[in-house]
Amino acid sequence: MATELCSLGPDVPLAVHGAPDYGELRRLGLRPADVLDFSSNINAYGPSPAVREAVARTPLDRYPDNDALALRGALAEHLGVSPQCVLAANGSSELIWLASLAFLRPFDRVLVLGPTFAEYERMAALRGTCLKIHRAEEKDHFALSPAAINDILASWRPHLVFLCNPNNPTGTAFGAPIVRDWIYKHPYTLFIVDESYLAFAPDLGSAADTTQDNVLVLRSMTKDHALAGLRLGYAVGAEQRIAALVRVRPPWSVNALAQAAGVAALRDRAHLRCSRERLAAAKSDLLAAFAELGMQALPSAAPFFLVRVGDGAAIRRALLHKGILVRDCASFGLPQYVRICTRRPEENARLIAAFREVRHGS
Ligand SMILES: Cc1ncc(COP(=O)(O)O)c(C=O)c1O
């Protein structure tokens, strides 16, 4: 299914996201610490202890390095590319904005593969582009056909594509060979591949290729390294693409604590590996618990997944009164679903108990 619209910003609605709404918590008399958050797709095992030590050592009264040289160097080494092919940013959200500023002009054709993260559509609209949304269908468990995407790329010839892989909120994913095939076959299209969740599914492989001018990969360290409060992301791409992002970025957007945290997090690979394994085991038990409740959870390559609950907003509300936050998916056009991100086993048990109570009206 595809919809097409051309719009000229800035009358574009704000995007809806997961994570606690602090105003709502205040109205309900809840403190953020009282809420177990299954709505943000973050590593529930938290940051490496090395991150806390690095942050504690960082002076607060000095400007951060505007070029984030140490972090850029650590990322380049980690990725096996030159530092000129990497840019650190204030979360991958900032990179979506920078890429849109640098590479989109009014009436450019932009393809979004939906349902997906709302900032792509929002930025395409704010830049006044012609947007086509190719939307996956429920009957296919929201998996898109690579052949159908290839046909759109060939016939519509978009200037830019936003591809979230693995995709938020559906958890569907393409292996890197499929994405690379599109990149090579359609050199006039710039592929912005958002791999914010790839660290949770590394077997898929990355589309990053610094020798190809038409692909820019975005990654988030707020998710896998659990740095959401500090905000950290990075882009990997050909030198000239990264240079174009640098030209439109605001100064000092990556603060000193985030830079220090990023370097420390990259050094502690065992922490990420270990938490990824524990989350995978916890997810499998959580899916089994939903099945026991007779609730349908959709297959997902990520730690989060969709569950069909009937009225997603009502379920979210009822759970929040019990101190449990899930993502209601109405803003994705999926009002019958909630998205849940696996947490630690004991926390997942609380979620299942709360679901049981909500279903029995207690
Ligand atoms: C697909 C996707 N991209 C980017 C982001 C933004 O992440 P960050 O915290 O790195 O800005 C999110 C956050 O939910 C996301 O789901």
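Modeller: Let's start with a cut-off: a residue is buried under 20% relative accessible area, exposed over 50%, and partly exposed in between. Keep in mind that this is a predicted model.

Colleague: Then what makes Lys 185 partly exposed?

Modeller: Its relative accessible area is 45%. Asp 181, at 33%, is partly exposed by the same rule.

Colleague: Why is the contact between Lys 185 and Asp 181 called a salt bridge?

Modeller: A side-chain nitrogen of Lys or Arg has to lie within 4 Å of a carboxyl oxygen of Asp or Glu. For Lys 185 and Asp 181 the closest N and O atoms are 2.9 Å apart, so the pair qualifies. The two are four residues apart in helix H7, which separates them by about one helical turn.

Colleague: How many salt bridges does the structure hold?

Modeller: Ten. One of them joins the side chains of Glu 24 and Arg 316, at 2.8 Å from N to O. Glu 24 is in helix H1 (residues 22–28) and Arg 316 in helix H12 (residues 312–320), so this pair ties together parts that are 292 residues apart in sequence. Both Glu 24 and Arg 316 are buried.

Colleague: What about Arg 241 and Asp 213: what makes that pair a salt bridge?

Modeller: The N to O distance is 3.3 Å, and the limit is 4 Å, so the pair counts. Arg 241 lies in helix H9 (residues 239–248), while Asp 213 is in the loop between strand E7 (190–194) and strand E8 (215–220), so the bridge links parts 28 residues apart in sequence. Arg 241 has 17% relative accessibility and counts as buried, whereas Asp 213, at 34%, is partly exposed.

Colleague: How do you know that the buried residues of H9 sit on the same side?

Modeller: The buried ones are Arg 241, Ile 242, Ala 244 and Leu 245. They cover an arc of only 155° around the axis, which puts them on the same side of H9. What covers them includes helix H3 (69–79), strand E3 (86–89) and helix H4 (91–103), along with E7, E8 and E9.

Colleague: And what makes you say that the buried residues of H13 line one face?

Modeller: In H13 the buried residues are Glu 347, Asn 348, Leu 351, Ile 352, Ala 354, Phe 355 and Val 358. Seen down the axis, they fall within an arc of 160°, so they line one face of the helix. They pack against several elements, among them strand E2 (36–37), helix H11 (269–292) and H12.

Colleague: How does the span of H13 compare with what is expected?

Modeller: H13 (residues 345–359) has 15 residues and reaches 21 Å from its first C-alpha to its last, close to the 21 Å expected. After the helix comes Gly 361, with a positive phi near 75°.

Colleague: Why do you flag Ala 226 and Arg 231 for their phi values?

Modeller: Because most residues other than glycine have a negative phi. Ala 226 has a phi near 55°, and Arg 231 has one of about 75°. Both are in the loop between H8 and E9. Ala 226, at 12% relative accessibility, counts as buried, and Arg 231, at 26%, is partly exposed.

Colleague: Which residues come nearest to the ligand?

Modeller: Of the 14 residues around the ligand, Ser 93, Asp 194, Tyr 197, Lys 223 and Arg 231 come nearest. A polar side-chain atom of Arg 231 is 2.7 Å from an oxygen atom of the ligand. For Lys 223 the corresponding distance is 2.8 Å, and for Thr 222 it is 2.8 Å.

Colleague: Last one: which peptide bonds are cis?

Modeller: Gly 114 to Pro 115 is cis, with omega near -5°, and so is Asn 168 to Pro 169, with omega about 15°. Pro 115 sits in the loop between strand E4 (109–114) and helix H5 (118–126). Pro 169 sits in the loop between strand E6 (160–164) and helix H7 (176–185).

Technical notes
Residues numbered from 1 in each chain as written. Predicted model: local features only at pLDDT ≥ 70, side-chain atom pairs only at ≥ 80, totals over all residues. Heavy atoms only, no water. Buried < 20%, exposed > 50% of the residue type's maximum accessible area, 1.4 Å probe, protein only. Expected span 1.5 Å × (residues − 1). Arc of directions from axis to C-beta. Contact = heavy atoms within 4.5 Å. Near = heavy atom within 4 Å. Polar contact = N/O pair within 3.5 Å; in protein donor to acceptor, adjacent residues only side chain to side chain.
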